[in-house]
Amino acid sequence: MNDKLFIKLQHWVPQHALSRFVGKFANSKNRFIKNTFIEWFIKRYQVDMSLAAEENPRAYACFNDFFTRELKPGIRPICNEPSAIVCPADGSISQLGKIVDGRVFQAKDQDYTVEELLGGDAALAQEFAEGDFATVYLSPKDYHRVHMPYGGKLRTMVSIPGDLFSVNTVTAGHVARLFSRNERVVAIFDTDIGPMAVVLVGAMIVAGIETVWDGELAPMMGSREIEVSNYPYQNIVLDKGAEMGRFKLGSTAIVLFAKNKINWEPQFAAGTTTRVGVKLAEKK
């Protein structure tokens, strides 16, 4: 499809209604529906089921259970170097680098502010001023659980309603402020190197975003209000490499660190493949 037409279609279609409609099919436990959907998907996207803890596609209760499937133990070993920050998801780097003047690079001629990404909280955005970011795109065939890049204690979660554009490279290059206008969930962790943000960005036909501490949070069913949840007393602490959330159908995870806290590993750049647990950066 022509790129311009692809972008126009995303403006025209009822993004949330379509996503909810697909979500109903993805949650269906009707054997014919879920088996047909799963088997088509495996063939279409060449999903490697040998990595899954449950290799039999028909054993999953619904498509979403298949899509958020667990991997076999040991498939994604976590780098155990104390100073290592690890890849949070299987996928590929969309962009990676410095936060400059409060802005995050999205694609050529496209960027957005940390403040709008985090829901309009200027004080929170200031914690990441001149810091570092990495944007990881999860393709349909990838493992869709998101893991902690570094150990930390959950401080705040922000649920932000928004659009549901797709988040592939074509859309990133043509839709202004894509990641800061799409529906998303922001988790802020306090770590021994300062604040760390992990942002789970929704997309077209994503049937849900979940966190391990609060369950399903999106799609937000038409809500237009930003919801802030603080966790000062719950003592929710997640180790490096621990699962922190998952996508029901694919999307993007963005990680932010404060200024002068990390150095990215030199082999990572836009387009580089990522795997959960592989060393992505090192703390200073």
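So, one convention before I start: Ala, Val, Leu, Ile, Met, Phe, Trp, Tyr, Cys and Pro count as nonpolar, Asp, Glu, Lys and Arg as charged, and the others, Gly among them, as polar. This is a predicted model, where local features need pLDDT of at least 70, side-chain atom pairs count only at pLDDT 80 or more, and totals for chains, interfaces and linings use all residues. Residues are numbered from 1 along each chain as its sequence is written, and side-chain values use heavy atoms, with hydrogens and water left out.

Okay, the whole chain. We've got 8 helices and 18 strands (DSSP runs numbered from the N terminus: H or I of at least four residues for helices, E of at least two for strands). The C-alpha trace spans about 55 × 45 × 40 Å along its principal axes. Buried residues, meaning under 20% relative accessible area with a 1.4 Å probe and protein chains only, make up 52% of the 284 residues.

Now a sheet I like: 3 strands, open, ordered E1-E18-E16, with antiparallel pairing (two strands pair if DSSP finds at least two bridges between them). E1 (84–86) and E16 (262–264) are the edge strands with a single partner each, so one side of each has no neighbour in the sheet. Between E16 and E18, residues 279–283, there are 3 bridges, and Ile262 sits opposite Lys283 in E18.

Last, what lines the second largest pocket? By class, 5 nonpolar, 4 polar and 7 charged residues. A pocket here is an open set of points on a 1 Å grid where a 1.4 Å probe fits, with protein on both sides within 12 Å along at least five of seven lines; lining residues have an atom within 4 Å of a point.

Definitions and conventions:
Buried < 20%, exposed > 50% of the residue type's maximum accessible area, 1.4 Å probe, protein only.
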